[in-house]
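The chain is shown first.

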Amino acid sequence: MHRALHGDFEGAHALLGPVLNVLKAQQEASRLLSAGTIALMLGDLATARQVLGLALATARSETTPTFLPRILEHLAYAELREGRHHQARVHAEAGLEAAAEHPQSNVTAGLSAVLALAASIAGDPAVVAAHAQSALRIAHAHGLGQTRTLAEWARARADLGHGNAEHAAARLAPLVHAGPRQGHFGLWMMAVPCYVESAVLAGHDMDADVERLIDQYAQWAARGADPQAPAVVLRCRALVADDERTEDLFIAALARHGTVDSPYEHARTHLAYGMWLRRRRRPVEARTQLRSAVMGFDQCGAAVWTEQADAELRAAGETPTAVTSPRSETGPLTELTPQQRRIARSVAQGATNREVARQLSISTRTVEYHLRNIFTQLGVRSRTALARHLDLDRVDGPHERARSAGPTTHEDERTASSQA
């Protein structure tokens, strides 16, 4: 444990490997749980899932399954690490049911945090918020740093998935930087890629501090504690690199993804590469990457990201009938184009024109143009009225969001432009 804590995974494996082999041959749930914990710590996710699956079967056969909630927590976390969000959610929900019968508040908090992470790519922000708040309520009371980090990371992933990169970066910055609010020592490094992507999409300056974080993440990835991390390192470097190096880094990242079963992160890299290609007016190549992203996200249940990749694919010139997994739209948005729908949702949730432009990598003037058409088509005259029309709760931010008036006249349009 001491060696693993200090990054000596080779030394830790030499000591813990034989222990793992002994424990996983046992028929006791507690021993198998310990084996699964060791495998997780060493980054052997396949063994962790296998052993914890045996632990689960063993615990369920016991008269008093004391370890059942904790086993389900570890199993769900292992599945989450591998990008198997469907299975993680199922086992975490089962864990909460088991924990209700055998009250274990710390385990309940951990399971809620795992559910928040699983839900962060699936869709409803309210579900993420509910699970995260449940986890944080116990974490703050009991000083659970690991649970707090997972819950905050989940909230940031939900922000990023819904296009709120600025919020995601603000949530993650304290976790990944040194200071009293830094994330749990065993987890904060895993949040670095999400922070880097959020900072890039939010338009933050890519200073030496971000480069330093990526270098730290690369050192951690090289230690072997996360099989998918080496590919993610290359994606992070591609996001902040100059154009001469970016494409080579994306291609290298995809090649590394091909050696590891990590569908969610693999799809994230396809999406990032496709977005980069589209913004350099290479739509044919972009569509190839974006189709792969849509299929990858769809396979792992990442509905929020499927929608993002789908919108990028349409923007790259894919016709609706060719999209791999079209998302049907109902209600007031049916008459809007995919781009207008994304803008309408973001504005209704409180985003400024500038924030929407950053989210979609388009100009503020383009946002203004679409917003005027949206207001006309939906018959509304303000941002607040748009939120009510879409039946969304408006979320006002600290900047221009307090100004709810939308462009309805030429004078209003000039005002909106100056505010953005």
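## Arg-282 and its partner

In this predicted model, Arg-282 is partly exposed, because its relative accessibility is 23%. Its side chain meets that of Glu-285 in a salt bridge, at 2.8 Å from N to O. Glu-285 is likewise partly exposed, with a relative accessible area of 39%.

Elsewhere, salt bridges with shared partners join Arg-49, Glu-82, Arg-84 and Asp-261 into one network. The whole structure holds 18 salt bridges.

## Salt bridges between helices

Arg-237 pairs with Asp-215 in a salt bridge whose closest N and O atoms are 3.1 Å apart. Because Arg-237 belongs to helix α13 (residues 229-240) and Asp-215 to helix α12 (residues 208-222), the pair ties together parts 22 residues apart in sequence. Arg-237 is partly exposed at 23% relative accessibility, and Asp-215 is partly exposed at 34%.

A salt bridge also links Glu-312 to Arg-279, with 2.9 Å between the closest N and O atoms. Glu-312 lies in helix α17 (residues 303-315) and Arg-279 in helix α15 (residues 263-279), so this pair connects parts 33 residues apart in sequence. Glu-312 is buried, at 4% relative accessibility, whereas Arg-279 is partly exposed, at 26%.

## Helix α20

Helix α20 has 15 residues (364-378) and, at 1.5 Å a residue, should span 21 Å; its end C-alpha atoms are 21 Å apart, in agreement. Its buried residues are Val-367, Glu-368, His-370, Leu-371, Ile-374, Phe-375 and Leu-378. An α-helix has 3.6 residues a turn, so residues three or four places apart point the same way.

After α20 comes Gly-379, with a positive phi near 70°.

Conventions: Residues numbered from 1 in each chain as written. Predicted model: local features only at pLDDT ≥ 70, side-chain atom pairs only at ≥ 80, totals over all residues. Heavy atoms only, no water. Helix = DSSP H or I, 4+ residues; strand = E, 2+ residues; numbered from the N terminus. Expected span 1.5 Å × (residues − 1). Buried < 20%, exposed > 50% of the residue type's maximum accessible area, 1.4 Å probe, protein only. Salt bridge = Lys/Arg side-chain N within 4 Å of Asp/Glu carboxyl O.
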